[in-house]
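Thanks, everyone. Please have a look at the model before I start talking.

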Amino acid sequence: MTVVVTGAAGFIGMHVAERLLARGEEVVGVDVFTDYYDPRLKAARAARLEAQSGFRMVRIDIAEHEALRDVVRAAGAKRMVHLAAQAGVRYSLENPFAYERSNQAGHLAVLEACRHTPGFEHLVYASSSSVYGDRPRDGAAFREDDAAAEPVSLYAATKRSGELMSSSYAKLFGFPQTGLRFFTVYGPWGRPDMAYFSFTQKILAGQPIEVFGQGEMARDFTYIDDIVDGVLGALDNPPARGANRVLNIGGGRPEGLMEMIGTLERVLGREAQKNFKPMQPGDVRHTCADVSQLKAVTGYTPQIPIAEGLPRFVDWYRSFYGQRASV
């Protein structure tokens with residue numbers, strides 16, 4: 001059967017599409033190829049997919065709701081993995097309307113496309129751990145029933161808005177939905193705006209890195225292969241008709257920012273020049289996912305610790321860019 005994957009030229013989208021193809025699915029990828037980060041990386045991901053049998057890329061803006069509806073219906077798709085979004089917290093401070101278009105109008109267009117596709121079976125869409133807001137670092141993992149009413153960034157607010165729109169559409173029109181609250185995803189083919197990626201680039205180039213939050217922040221880093229396991233597990237196990245199920249997807253154990261940097265230094269064989277700075281507006285101090293609900297539904301069990309995942313990323317980075325090439 002055909003699965004539509006939005007954001008297919010993105011980091012998670014490319015990996016999800018590849019895994020679907022590997023198990024014999026037909027995939028229609030949708031992407032608008034924005035220049036939020038290095039377009040060469042998006043083009044390379046798309047070329048990798050387009051070289052594989054069973055894949056077709058459609059270059060449209062998901063907010064163009066009629067065009068998206070036509071793509072889904074023409075493909076005869078009964079399932080969709082919606083990963084397209086305007087990402088990033090800091091970018092939203094200067095480009096807020098990019099988030100309104102992609103994350104709100106785009107999400108609504110996806111819902112309308114599903115609604116108007118006869119026999120549609122399941123929508124899996126990307127939400128974010130950022131919906132939980134900034135909480136004290138008390139060691140407690142974030143649970144799906146925790147309050148998500150005080151987002152500290154526009155990005156977080158738009159992702160929470162998507163969850164609420166999905167809840168409304170599930171009740172009104174019946175098609176099952178699963179929202180996945182992604183915690184920090186990393187690995188080969190990742191996003192250059194992520195800290196582990198930019199730190200690698202700068203350390204190799206002999207440039208100082210900016211360590212925000214005075215190095216006291218922590219993140220639930222989750223390797224991309226584990227993420228794909230969870231996405232496909234959710235896709236294959238839809239909730240009941242009329243339900244919008246929201247699940248955490250993460251590694252289940254936070255890593256301190258300084259521990260992550262130390263791992264990178266060991267892998268790269270170089271010490272980073274560190275400039276410590278206060279937290280930036282819209283950022284949060286720590287994240288940690290309780291993934292027990294996803295495990296109950298899919299058997300999800302993250303396998304790759306950061307000590308193994310970061311070396312895999314560095315190997316890819318050196319292969320793709322060259323050891324000293326800038327992004």
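I'll go through the sheet, then the rings, then a few single residues.

First, the ground rules. This is a predicted model, with local features needing pLDDT of at least 70 and side-chain atom pairs counting only at pLDDT 80 or more, while totals for chains, interfaces and linings use all residues. Residues are numbered from 1 along each chain as its sequence is written, and side-chain values use heavy atoms, with hydrogens and water left out.

Now the sheet. It is open, has 7 strands and runs in the order S3-S2-S1-S4-S5-S6-S11, with parallel pairing. At the edges sit strand S3 (55-59) and strand S11 (244-249), each pairing on one side only. From one strand to the next, the twist averages 20°. On terms: strands (E, at least two residues) and helices (H or I, at least four) are DSSP runs, numbered from the N terminus. Two strands pair if DSSP finds at least two bridges between them.

Take strand S6, residues 177-182. What does it pair with? S6 pairs with S11 in the parallel sense, over 6 bridges. Glutamine 177 has asparagine 244 of S11 as its bridge partner. Threonine 178 stands opposite arginine 245, also in S11. S6 also pairs with S5, again parallel and over 6 bridges. There, leucine 180 of S6 faces alanine 126.

Is S6 buried or exposed? Buried means under 20% relative accessible area, exposed over 50%, and partly exposed in between, with a 1.4 Å probe and protein chains only. In S6, 6 of the 6 residues are buried, so the strand is largely enclosed by the rest of the structure. In a regular strand, side chains alternate between the two faces of the sheet. In S6 both faces are covered. Gln177, Gly179 and Arg181 are buried on one side; Thr178, Leu180 and Phe182 are buried on the other.

Helix H5 (residues 154-173) lies across S5 (122-128), S6 and S11, at about 155° to S5. Such angles run from 0 to 180 degrees between N-to-C directions, with axes as lines fitted to C-alpha atoms, for helices over the stretch in contact. Contact means heavy atoms within 4.5 Å.

On to the rings. The whole structure holds 26 aromatic pairs. Rings of Phe, Tyr and Trp (its six-membered ring) pair if their centres lie within 6.5 Å; planes under 30 degrees apart are stacked, over 60 edge-to-face, the rest tilted. Tryptophan 316 and phenylalanine 320 are stacked, 5.2 Å centre to centre, with 20° between the planes. They are 4 residues apart in helix H10 (residues 306-321), so about one helical turn separates them. Tryptophan 316 is buried at 10%, whereas phenylalanine 320 is partly exposed at 30%. Both belong to a cluster linked by ring pairs, whose members include Tyr186, Trp189, Phe313 and Tyr317.

Two charges sit over rings. That requires NZ of Lys or CZ of Arg within 6 Å of the ring centre and within 35 degrees of the ring normal. Lysine 42 has its charged end over tyrosine 37, 4.7 Å from the ring centre. Arginine 181 lies over the face of tyrosine 132, at 4.9 Å.

Last, cysteines. How many disulfides are there? The search finds 0, a disulfide being a pair of cysteine sulfur atoms within 2.5 Å. Cysteine 114 is buried at 2% relative accessibility. Cysteine 288 is buried too, at 7%.
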